[in-house]
Amino acid sequence: HTLVPLHPLPGPAHRRQAEVRPPPPNSQRKGSRCDRCPCEDHAQLWRAQKQPTQAVCSRRRLHTPVRSPRLESTAALKRAFMKQAESAHRRACLRVIGGRPHVAYEATYVLAGIPPLALLADERARLYGRRREDAKDEERLATLSKCQEAWDRSKKARWTHRLIPNIRVWIERRHGELNYHLTQLLTGHGFFKHHSRRYDHNQSAQCPVGPSSIENAEHVFYHCPRFSEERERLHSLLYEVMTPENTTRLMLAIIISVVDDNNSMFQNNRNDYACDKCEKKLRQKSKLIRHQQIVHDGRKDYACDKCEKKFGHKQHLLTHQTTVHEGRKDYACDECERKFGEKSKLKRHQKTVHDGRKDYACDKCEKKFGHKQHLLTHQKTVHEGRKDYACDECERKFGLKNDMIRHQKTIHEGRKDYSCDKCEKTFGHKSTLLLHQNTVHDGRKDYACDECERKFGEKSKLIRHQKTVHDGRKDYACDKCEKKFEHKQHLLSHQKTVHEGRKDYACDKCEKKFGLKSNLLAHQKTIHEGRKDYACDECERKFGLKNDMIRHQKTIHEGRKDYTCEGCEKKFGEKSKLIKHQKTVHDGRKDYACELR
């Protein structure tokens, strides 16, 4: 605080020191409400309050400049007057908070946001001789640290300490003055029966509605049935149940939002400050400057001291520290068990998940989204086809940064950080692990085809089944031959094995090589291990491959012949037999010659 006296002090320092005298024991000043005025400065405080030229909008700004110079100089020069000076200092703080005289000393200073006079005098003594610009801030932090230690050790004003455990957060709030009624809540001193009983022992301290409860500040504001409707309305506005532990946090959050809105409305009712680099308009010039620094210049002035992450806004840094490093999730959904570290994420979760709201619609297609960021990402990647994130180890590009990072971890680094707790299988993506657990271990098949009775564990497989089986679509055509495929993976496998002739999978028990890994595994199971895991339910025949069993059932038991020759009317149950018939009969090919001739 800047120490500026209300009136100039006459004479040099040694003369002012000599003029300080204790007041007569029965002296009174006209115009003062107090019967006993402990010092001359108390009357000066009262006269300053009565001056019409002083601003009346803030009692804190009225009393704080007045109380510092002469009271602190008195404390520094004459320790004998400390008690009297502290009494006047405390009365000034009581006027700031609108409190009663019997409010505890500790609570008075904390609520007023002013350290005790003795600590202020020590701070002034430490500042003497220091000329650095940041010395004042450093010494004030040291003073607040001592205040916090005394506040935590004190056995008095425990109700106020429960509401305001952190002095610095309360003192550094941006706005919000106390009044008579709010001080009653924060101190517990007021028209509560439990407090009034101190002065009238015949009066009962019980609540008139609930005789089993004591009527104190906590009961009236948080539990009393008389005000249940007001509490419910307040909780609905806050999206949170108010408790003594979160009261001041909610108060400060509300004050900050109200101050921002009021300042914007007071200074400018229109968005007159436009950014020359984008189309955004803002109400305040200071916000325009901050927008340009953070968004366009990329400035991030707030760094986390526990990790290397930096932020453009201080509030974002504080949120990061509380949610990431401290792991706090103070906002719980009342419809499910999920908790969130930020109130905005809780609201978004309730709107999108429980209310099913999708307020952001794409203007180029009919798709809707619950989050604006998802809409912007959809427009960039789908409609604009943008892929701004390229892998520095291969030529692949991605539309989302997260997809690129995940690609680098799983493909190039080979990381599989998600392991199944029911088997030894590991996965590179958490979503793949959850899908594996649901479909393999839980046996869930939640996606049913509405045209046949088949069910699937994945929605993508259901869509692919409907496209290929019921719609007969083959959207993937080979550019080297006329063959088409239902799945992209089948096209890629075809190009590698047929046109490029690649056989990358070799059997370790024989010299045979395969173009597909699935063919290698099938070869090892059926040839080397001799396994036949698929049995026909109509006869005793067993097969090593599932496709062979299905083909057997269709051709033998059902008598189906789905492949017809175009050169004659002959039909076949297997496609391979049709091709062999066309080659030998119609084309007259004889590709196999006897080596003994």
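Colleague: Are helix 6 and helix 7 roughly parallel or roughly antiparallel to each other?

Modeller: Helix 6 and helix 7 are roughly antiparallel, a label for angles over 145 degrees. Please note that this is a predicted model, where local features need pLDDT of at least 70, side-chain atom pairs count only at pLDDT 80 or more, and totals for chains, interfaces and linings use all residues. Residues are numbered from 1 along each chain as its sequence is written, and side-chain values use heavy atoms, without hydrogens and water.

Colleague: At what angle do helix 6 and helix 7 pack?

Modeller: The angle is about 150°, and the axes of helix 6 (residues 117-127) and helix 7 (residues 135-153) are 10 Å apart. Helices here are DSSP runs of H or I with at least four residues, numbered from the N terminus. Axes are lines fitted to C-alpha atoms over the stretch in contact, and angles run from 0 to 180 degrees between N-to-C directions.

Colleague: New topic: is His494 buried or exposed?

Modeller: His494 is buried, at 9% relative accessible area; buried means under 20%, exposed over 50% and partly exposed in between, with a 1.4 Å probe and protein chains only. His494 lies in helix 22 (residues 488-499).

Colleague: How many disulfides does the structure hold?

Modeller: The structure holds zero disulfides, a disulfide being a pair of cysteine sulfur atoms within 2.5 Å.

Terms used
Helices (H or I, at least four residues) and strands (E, at least two) are DSSP runs, numbered from the N terminus. Angles under 35 degrees count as roughly parallel, over 145 as roughly antiparallel, 65 to 115 as roughly perpendicular and the rest as oblique.
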